[in-house]
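Please walk me through this protein chain, from its overall layout down to individual side-chain contacts. Plain wording is enough.

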Amino acid sequence: MKRKNQRLLLGLTALAALGGASALALSALQDQAAFFYTPSDVEAGPPPPGKAVRLGGMVEPGTLRHLKDGVTMTFVVADKSATVPVRFTGVAPDLFREGSGVVAEGRFTADGGFVADNLLAKHDERYVPPEIADKMPQAAAK
């Protein structure tokens, strides 16, 4: 085999190996990626049940309920035009309360509810990321 053909074969083999490694990495990361949704996004086109996502919005006042087991709570996450019922089992952050911002990590159920595995409470209500500022009721008021 000529040297030119050997270099070409080696280059093509290296590109194929790099492409295969990239495909494997993307496949592995796709299962771990959590996409961010607001209640309006969910109303427009809900994600498939069971897919790991993040749901962000405001905890609607008057909806926080603690169940008898002491660690499970239900509440409603809302934005300007839509709401999503959420169920969380675990210890909530100290700053989590009604009327505050929250990002819940978890999965949607087939009935349209959300089961959260983790809650992230916003500590400063004055800052809202620009890409979701128009979707949050308190952000528009400020």
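Is Ser100 buried or exposed? Ser100 counts as buried, because its relative accessibility is 2%. Here buried means under 20% relative accessible area, exposed means over 50%, and partly exposed covers what lies in between (1.4 Å probe, protein chains only). The areas themselves come from the Shrake-Rupley method with a 1.4 Å probe, and for residues only the protein chains shown count as cover.

Before going further, some ground rules apply. The model is predicted, so local features need pLDDT of at least 70 and side-chain atom pairs count only at pLDDT 80 or more, while totals for chains, interfaces and linings use all residues. Residues are numbered from 1 along each chain as its sequence is written, and side-chain values use heavy atoms, with hydrogens and water left out.

The chain has three helices and seven strands. Read from the N terminus on, the order of the elements is α-β-α-β-β-β-β-β-β-α. Helices (H or I, at least four residues) and strands (E, at least two) are DSSP runs, numbered from the N terminus. Of the 142 residues in the chain, 30% count as buried.

Ser100 is located in the loop between strand 5 (83–89) and strand 6. A polar atom of the Ser100 side chain lies 2.6 Å from the backbone oxygen of Arg97. Thr63 sits in the loop between strand 2 (52–59) and strand 3 (65–66). Thr63 is buried, because its relative accessible area is 16%.

Patches are made of residues with over 30% relative accessible area and no salt bridge; like charges are joined within 9 Å, and nonpolar side chains (Val, Leu, Ile, Met, Phe, Trp, Tyr) within 5 Å. Lys2, Arg3, Lys4 and Arg7 form a positive patch. The place of a charge is taken as NZ of Lys, CZ of Arg, CG of Asp or CD of Glu. Lys2 belongs to the segment before helix 1 (3–32), and Lys2 is exposed, with a relative accessible area of 64%.

A nonpolar surface patch of about 440 Å² is made by Leu8, Leu12, Leu15 and Leu18. One of these residues, Leu15, lies in helix 1. Leu15 is exposed, because its relative accessible area is 58%.

How many salt bridges are there? The count comes to two, where a salt bridge is a side-chain nitrogen of Lys or Arg within 4 Å of a carboxyl oxygen of Asp or Glu. In one of them, the side chains of Glu105 and Arg54 meet at 2.9 Å, N to O. Glu105 lies in strand 6 (residues 101–108) and Arg54 in strand 2, so this pair ties together parts that are 51 residues apart in sequence. Arg54 is partly exposed, with a relative accessible area of 33%.

Asp117 forms a salt bridge with Arg107, and the closest N and O atoms are 3.3 Å apart. Asp117 lies in strand 7 (residues 114–121) and Arg107 in strand 6, so the pair ties together parts that are ten residues apart in sequence. Asp117 is exposed, with a relative accessible area of 53%, while Arg107 counts as partly exposed at 37%.

Two further residue pairs show how parts of the chain come together in space. Val76 is found in strand 4 (residues 72–78) and is buried, with a relative accessible area of 18%. Val76 and Val59 are 17 residues apart in sequence, and their C-alpha atoms are 5.9 Å apart in space. Glu43, found in helix 2 (residues 39–44), is exposed, with a relative accessible area of 57%. Glu43 and Val84 are 41 residues apart in sequence, with 8.8 Å from C-alpha to C-alpha.

Notes
Lys, Arg positive; Asp, Glu negative; His and termini not counted. Polar contact = N/O pair within 3.5 Å; in protein donor to acceptor, adjacent residues only side chain to side chain.
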